[in-house]
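User: I'm new to this one. Can you walk me through it?
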Amino acid sequence: MKTWPLLSVALSLLLLASGCSAATTTGGTGRLNVVVAFYPLQYVVEQVGGDQVSVTSLTKPGVEPHDLELTAKQVASVATADLVFYEKGFQAAVDSAVDTEKPKRVLDAATIVPLRTTPGFTGEGTTPSTSALDPHTWLDPQTMIKYASAVAEQLSQVRPASAAVFQQRADALVKELSTLDSDFTTGLAHCQLTVFVTSHAAFGYLAERYGLEQVGIAGLTPDAEPTPAHLAEVQKIAQEKGVTTIFSETLASPALADALAKDLGLKTDVLDPLEGITAQSRGNDYPSVMRSNLSALRTAGACQ
Ligand SMILES: [Zn+2]
């Protein structure tokens with residue numbers, strides 16, 4: 001019986017604490033604390049949430065997101081977030097943090113745009129298997145448009161008083177992304193060459209959307225090492241199709257792409273999978289880096 005008073009004190013402290021946090025975040029006017037898994041999701045939440053959100057990305061700028069590991073502090077941040085936006089099936093450490101920490105509100109990007117296998121030659125010799133689901137949905141601007149609406153809906157549920165503001169900001173983002181999408185459509189409509197060679201096969205959704213064909217040197221992850229047979233096959237396709245450019249990227253090593261380009265006497269250029277923004281990125285946000293990608297694809301494909 002002696003423990004009861006202590007227990008009730010602990011309980012009231014707990015209630016007080018949860019009451020406080022509700023007052024400073026969801027119910028009040030402070031910034032909503034949103035944890036996102038990686039850059040493109042961060043971009044959407046920042047654009048839609050504006051000054052009403054404080055966004056923390058679990059993948060720090062410059063860190064390659066595929067094999068992400070989380071610190072204990074990062075895992076704890078998942079537990080206390082007002083909203084967690086991630087893509088189930090992409091980063092095992094994030095999937096596991098969401099499972100164990102059970103944040104109060106979760107938005108899974110793969111429920112907005114389901115992951116699928118994407119067409120394009122990634123080779124038999126790459127590991128993991130090419131039948132794996134492709135996580136790079138964000139490289140299709142139409143996917144980002146769907147994310148914008150879903151984020152506005154989630155933020156509005158957390159803070160209904162600001163629903164109109166979130167919707168207005170989402171509408172502006174959708175407008176910008178729709179312009180980007182139509183610029184890709186027109187910019188890639190008349191190309192001499194529709195095949196492009198990339199280091200890791202991140203551009204399957206983009207290629208499919210705009211009628212291009214991707215040939216990956218590595219597989220769906222940058223560290224999936226190609227076999228000599230696969231490299232020979234990529235060389236063969238590049239020569240047969242008259243490829244002019246071998247693309248590498250900003251976060252992963254360009255060694256393979258450089259070596260292949262040197263062997264074939266071809267140019268190299270950067271195609272950015274937007275898995276993070278750094279000082280080396282050709283642009284400072286999603287639309288500007290995507291426009292650099294468009295420009296690089298147009299040059300490589302000799303598009304009109
Ligand atoms: Zn990737």
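This is a predicted model: local features need pLDDT of at least 70, side-chain atom pairs count only at pLDDT 80 or more; totals for chains, interfaces and linings use all residues.
User: Where is Asp223 found?
Analyst: Asp223 sits in the loop that runs between β6 (213-216) and α9 (228-241).
User: Switching to salt bridges: how many are there?
Analyst: The count comes to five. One of the pairs is Arg116 with Glu208, where the closest N and O atoms are 2.6 Å apart.
User: Which parts does that pair tie together?
Analyst: Arg116 lies in the loop between α5 (109-112) and α6 (141-158), while Glu208 belongs to helix α8 (residues 204-210), so the bridge links parts 92 residues apart in sequence.
User: What is the mean pLDDT of the protein?
Analyst: The mean is 89, with 87% of the residues at 70 or more.
User: And where does pLDDT stay under 50?
Analyst: Residues 1-24 stay under 50, and the model gives them five contacts beyond four places in sequence. Residues 125-130 also stay under 50, with 15 such contacts.

Definitions and conventions: Residues are numbered from 1 along each chain as its sequence is written. Side-chain values use heavy atoms; hydrogens and water are left out. pLDDT is the predictor's confidence in each residue, from 0 to 100. Contact means heavy atoms within 4.5 Å. Helices (H or I, at least four residues) and strands (E, at least two) are DSSP runs, numbered from the N terminus. A salt bridge is a side-chain nitrogen of Lys or Arg within 4 Å of a carboxyl oxygen of Asp or Glu.
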